[in-house]
Amino acid sequence: MTNTITDRQFEIIGAAGKILTSAGVGGLTIKNLAREMQFSESAVYRHFASKEKIILAMLDFLASNMDERYTEILSIERKTEEKFITLFQNQFAFFDSNPHFVVAVFSDGLMEESQSVNESISKIMQVKMKHLKPIILEGQENKLFTNAISADNIMHIIMGSMRLQMYKWRVANFQFDILQKGEEIIQSLLSIIKK
């Protein structure tokens with residue numbers, strides 16, 4: 001397991017994700033979750049003290065899982081452009097298989113839920129930056145990527161574009177092929193940042 005959550009907690013996160021996907025944050029209640037999992041509300045409370053704790057567990061799992069996946073991808077010797085492409089292809093594939101994590105990050109009202117939720121979403125962004133910035137710097141050093149824009153600004157352009165693509169997929173209720181659209185945005189970004 002990627003995080004310090006139990007198998008049962010992971011099942012609860014999955015069920016919560018299913019509810020988030022179909023009913024949004026407002027539909028995610030302990031009562032609905034217990035019904036989805038076919039056990040009592042008290043059984044849910046034995047694993048999580050509140051709805052907020054479930055959402056935090058989802059976001060923390062996503063950050064840890066992403067960090068592990070990115071570390072593994074980047075441990076293999078690859079050219080800079082291949083690292084860039086593989087990193088984002090992996091992320092699009094993960095979300096394609098687990099759309100409820102997109103819902104957790106982009107649900108209306110979730111950002112205002114609590115400071116802890118905001119910190120968990122910030123942690124996810126920090127993980128992305130931790131792995132992306134060295135690729136950008138390497139590309140600039142090798143004269144593959146432009147030096148006319150700072151590595152930080154390139155990173156913000158890339159992450160903003162990716163977040164917008166994921167948000168569009170979310171509000172379209174996952175009705176288009178995120179792998180295909182993801183590939184298009186990866187190639188478009190490379191066209192912008194390459195020398």
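## Ground rules

Since the model is predicted, local features need pLDDT of at least 70 and side-chain atom pairs count only at pLDDT 80 or more, while totals for chains, interfaces and linings use all residues. Residues are numbered from 1 along each chain as its sequence is written, and side-chain values use heavy atoms, with hydrogens and water left out.

## Aromatic pairs

A pair of aromatic rings is described by the distance of the centres and the angle of the planes. Here, rings of Phe, Tyr and Trp (its six-membered ring) pair if their centres lie within 6.5 Å; planes under 30 degrees apart are called stacked, over 60 edge-to-face, and the rest tilted. That rule gives seven aromatic pairs. Take F84 and F145: their ring centres sit 6.1 Å apart with the planes at 70°, so this pair is edge-to-face. F84 belongs to helix α5 (residues 80-97) and F145 to the loop between α7 (115-141) and α8 (151-171), so the pair ties together parts that are 61 residues apart in sequence. Helices here are DSSP runs (H or I, at least four residues), numbered from the N terminus. Both F84 and F145 are buried, where buried means under 20% relative accessible area, exposed over 50%, and partly exposed in between (1.4 Å probe, protein chains only).

There's a cluster to look at too: F10, F61, F94, F95 and F101 are linked by ring pairs. F94 also has R69 lying over its face, at 4.1 Å from the ring centre. For a charge to sit over a ring, NZ of Lys or CZ of Arg has to be within 6 Å of the ring centre and within 35 degrees of the ring normal.

## The nonpolar core

A nonpolar core is a set of buried Ala, Val, Leu, Ile, Met, Phe, Trp, Tyr and Cys residues joined through side-chain atoms within 4.5 Å. The largest one has 64 residues, and L33, F84, L132 and I158 touch the most other members. Helices that each supply at least two residues of this core include α1 (7-27), α2 (30-37), α4 (51-74), α6 (99-106) and α9 (178-193). The biggest giver is α4, with twelve residues.

## A patch on the surface

L164, Y167 and V171 make a nonpolar surface patch of about 280 Å². Patch members have over 30% relative accessible area and no salt bridge, and nonpolar side chains (Val, Leu, Ile, Met, Phe, Trp, Tyr) are joined within 5 Å. A salt bridge, for the record, is a side-chain nitrogen of Lys or Arg within 4 Å of a carboxyl oxygen of Asp or Glu. Y167 lies in helix α8 and is partly exposed, at 32% relative accessible area.

## Positive phi in two loops

K143 has a phi near 65°, a positive value in a residue other than glycine. You'll find K143 in the loop between α7 and α8, where it counts as exposed at 55% relative accessibility.

N173 is another non-glycine residue with a positive phi, near 55°. N173 is in the loop between α8 and α9 and is partly exposed, with a relative accessible area of 42%.

## Two C-alpha distances

E183, in helix α9, is partly exposed at 28% relative accessibility.

S42 is in helix α3 (residues 41-47) and counts as partly exposed at 42% relative accessibility. The C-alpha atoms of S42 and I30 are separated by 9.0 Å, with the residues twelve apart along the chain.

Technical notes. Patches are made of residues with over 30% relative accessible area and no salt bridge: like charges are joined within 9 Å, nonpolar side chains (Val, Leu, Ile, Met, Phe, Trp, Tyr) within 5 Å. Accessible areas come from the Shrake-Rupley method with a 1.4 Å probe; for residues, only the protein chains shown count as cover.
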